[in-house]
Amino acid sequence: NQDLIREAKGIVALVKLLPSVQASVAAAVGSGSGSDTNIITISQAVDNPTNDIETYANVTLALANLAFNKKNQDAIREANAVEPLVYLLGSCTAHVDVIRYTSKAILNLTDNHLINKYSFCEANAITHLVSILEHTKDAETERYTSMALVNLKSDSLSTYQELILKL
């Protein structure tokens, strides 16, 4: 079934339901009148995504489950899911289900996948995961977040540098 979902462009459709980081910031910049207002508006856009939180929880859970399939790990990254997932880590901290399933998605996407590990590190996922680990009271979120951090830290910097040279 996972292959069928990928082949039917289901992964792309799911990723499109995630927040658009660029659109949120662009809308925030255009809505203020002065520089202070713009900064506040950008902060509000990041703290309060405009889309449905329940949808984000469902999409991130679906992506987490699809990421058990190695081909889907590539397809999810190639559908540009990395930045929206990291954005959710930093913007939905009050929504336990979103954070839990986003952490699980990152855990599964980085499992034995060097390119995905590098992509999430470059998108600043480690900073958000550490912050979540420091503040969450949810045991499942703690487990997924700590395991995702282990995945992200399991390769040396030289391994990432070798990857960059190959790209």
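Is the crossing in which α10 passes α11 left-handed or right-handed?

Modeller: This is a predicted model, in which local features need pLDDT of at least 70, side-chain atom pairs count only at pLDDT 80 or more, and totals for chains, interfaces and linings use all residues. Residues are numbered from 1 along each chain as its sequence is written, and side-chain values use heavy atoms, with hydrogens and water left out.

α10 passes α11 in a left-handed crossing, a term used if the near helix is turned anticlockwise from the far one by less than a right angle, with right-handed used if clockwise. Helices (H or I, at least four residues) are DSSP runs, numbered from the N terminus. Helix α10 covers residues 125–135 and helix α11 residues 139–153; their axes come within 9 Å and cross at roughly 150 degrees. Axes here are lines fitted to C-alpha atoms over the stretch in contact, and angles run from 0 to 180 degrees between N-to-C directions. α10 is therefore roughly antiparallel to α11; angles over 145 degrees count as roughly antiparallel, under 35 as roughly parallel, 65 to 115 as roughly perpendicular and the rest as oblique.

On the α10 side, Ala 125, Ile 126, Leu 129, Val 130, Ile 132 and Leu 133 meet Thr 141, Glu 142, Thr 145, Ser 146, Ala 148, Leu 149, Leu 152 and Lys 153 of α11, where contact means heavy atoms within 4.5 Å. By class, the contact of α10 with α11 has nine nonpolar, three polar and two charged residues. Ala, Val, Leu, Ile, Met, Phe, Trp, Tyr, Cys and Pro count as nonpolar, Asp, Glu, Lys and Arg as charged, and the others, Gly among them, as polar.

α11 also packs on α8: the two axes come within 8 Å and cross at roughly 30 degrees. So α8 is roughly parallel to α11, and α8 passes α11 in a left-handed crossing. The residues from α8 are Val 96, Ile 99, Arg 100, Ser 103, Lys 104, Ile 106 and Leu 107, and those from α11 are Glu 140, Thr 141, Tyr 144, Thr 145, Met 147, Ala 148 and Asn 151. They divide into seven nonpolar, four polar and three charged.

Two arginines lie over tyrosine rings. Arg 100 is over the face of Tyr 101, at 5.6 Å from the ring centre, and Arg 143 is over the face of Tyr 144, at 5.1 Å. A charge sits over a ring if NZ of Lys or CZ of Arg is within 6 Å of the ring centre and within 35 degrees of the ring normal.

How values were computed: Helix = DSSP H or I, 4+ residues; strand = E, 2+ residues; numbered from the N terminus.
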